[in-house]
Amino acid sequence: MSWFKRTEKGITTPTEEKREVPDGLWYQCPECKKVVHTREHEEHAWTCIECNYHARVGSKEYFELFFDNNEFTELDAGLSSSDPLKFIDSQPYPKRIKAAQAKTGLTDAVRTAHGKVSGKEVVISCMDFTFIGGSMGSVVGEKISRGIDAARAKKVPFIMICKSGGARMMEAGFSLMQMAKTSAKLALLAEEGLPYISILTDPTTGGVTASYAMLGDINIAEPGALIGFAGPRVVRETIGKDLPAGFQTSEFLLEHGFLDFIVDRKEMKKQVSDFLRMVEKK
Ligand SMILES: [Zn+2]
């Protein structure tokens, strides 16, 4: 018997009700507590006007930021996960998928689209953290692979916007296979001399960091993003040492040679366009 029992419900907020960017009229920065109108926040690409904190946003927002006039054609929009392992934890996996789909309006944790960025045709895949923590299962791997195939067929660059808690546990080995599959597809893209840009946003961890996120011809991160493989606690226990300050942030990784650039989200489209123009085959 416990000494203390919580009888009233509604004190804690269930994860599914927590929102990364609130829908209301006002947005409060979780870093500096500055309150701004949501429209103003959106005009600043969902970054804080006071401290430049980059709020987590999803594929809808990134497509809006990148594609000219927000015009694009979504690829493989209907792909949805099956349940190869008949996996049940606190609930059966198919039920979890359905709940995530109902909550987010997405079919899985990545969306792929073809369109123009500063007048240049590209294929972009963008992950959504709101869908089961942006976890990489078979659908995520398959959609990214097909996105790379589409880029190869159209002879255009491929851009990946990463945001993930890592491999999806409910698909176990099937999730891990996606690391090899996407990496192999990227090798085919490289063989054809087509550019691949990886954009790492907060957070990029686990099997995603260990595969396509770090394989860009250039790897760009947003400021202040958490980027790593295992979490700090696991690393600390494994190496038996305290970790340096700022460990696993974009800034720390840039200093240690894992990234090429850190780019402010407001400048991201321009920087990526400039790079694509630089490497364009004449
Ligand atoms: Zn702020």
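Where in the chain is the place of Trp46? The legends below take up this residue in the second view, after the overall division of the chain.

This is a predicted model, in which local features need pLDDT of at least 70 and side-chain atom pairs count only at pLDDT 80 or more, whereas totals for chains, interfaces and linings use all residues. Residues are numbered from 1 along each chain as its sequence is written.

View 1. The domain assignment gives domain 1 as residues 1-55 and domain 2 as residues 58-279, with bounds that come from an automatic or database domain assignment. The C-alpha centres of domain 1 and domain 2 are 24 Å apart, and nine residues of domain 1 are in contact with 11 residues of domain 2, contact being counted when C-beta atoms, placed from the backbone, lie within 7 Å. The side of domain 1 that touches domain 2 has three nonpolar, four polar and two charged residues; here Ala, Val, Leu, Ile, Met, Phe, Trp, Tyr, Cys and Pro count as nonpolar, Asp, Glu, Lys and Arg as charged, and the others, Gly among them, as polar.

View 2. UniProt, in an unreviewed entry, places the feature "zinc finger region: C4-type" at residues 29-51; UniProt positions follow the numbering used here, feature names are shortened, and annotations may be inferred rather than shown by experiment. Over residues 29-51 the chain is 26% helix and 13% strand, with the end C-alpha atoms 9 Å apart; helices (H or I, at least four residues) and strands (E, at least two) are DSSP runs, numbered from the N terminus. The annotation "binding site" in the unreviewed UniProt entry covers Cys29, Cys32, Cys48 and Cys51. These residues span 23 residues in sequence, yet no two of their C-alpha atoms are more than 8.6 Å apart, so they gather at one spot. Cys32 belongs to the loop between β1 (26-28) and β2 (35-37), while Trp46 is placed in the loop between α1 (38-43) and α2. Trp46 has a positive phi of about 60 degrees, although this residue is not a glycine.

**View 3. The seven-stranded open sheet.** The strands of this open sheet follow the order β3-β4-β5-β6-β7-β8-β9, with mixed pairing, where two strands pair if DSSP finds at least two bridges between them. The edge strands, each pairing on one side only, are β3 (72-75) and β9 (261-262). Strand β3 is joined to β4 (residues 110-117) by four bridges in an antiparallel arrangement, and Phe72 has Gly115 of β4 as its bridge partner.

View 4. The peptide bond from Asp202 to Pro203 is cis, with omega near -10 degrees, and Pro203 is found in strand β7 (residues 196-204).

**View 5. The packing of helices α4 and α5.** The axes of α4 (residues 138-154) and α5 (residues 172-191) come within 8 Å and cross at roughly 10 degrees; axes are lines fitted to C-alpha atoms, for helices over the stretch in contact, and angles run from 0 to 180 degrees between N-to-C directions. The two helices, α4 and α5, are therefore roughly parallel to each other, a term applied to angles under 35 degrees. By class, their contact has eight nonpolar, five polar and four charged residues.

Notes: Parallel < 35°, antiparallel > 145°, perpendicular 65-115°, else oblique. Contact = placed C-beta atoms within 7 Å.
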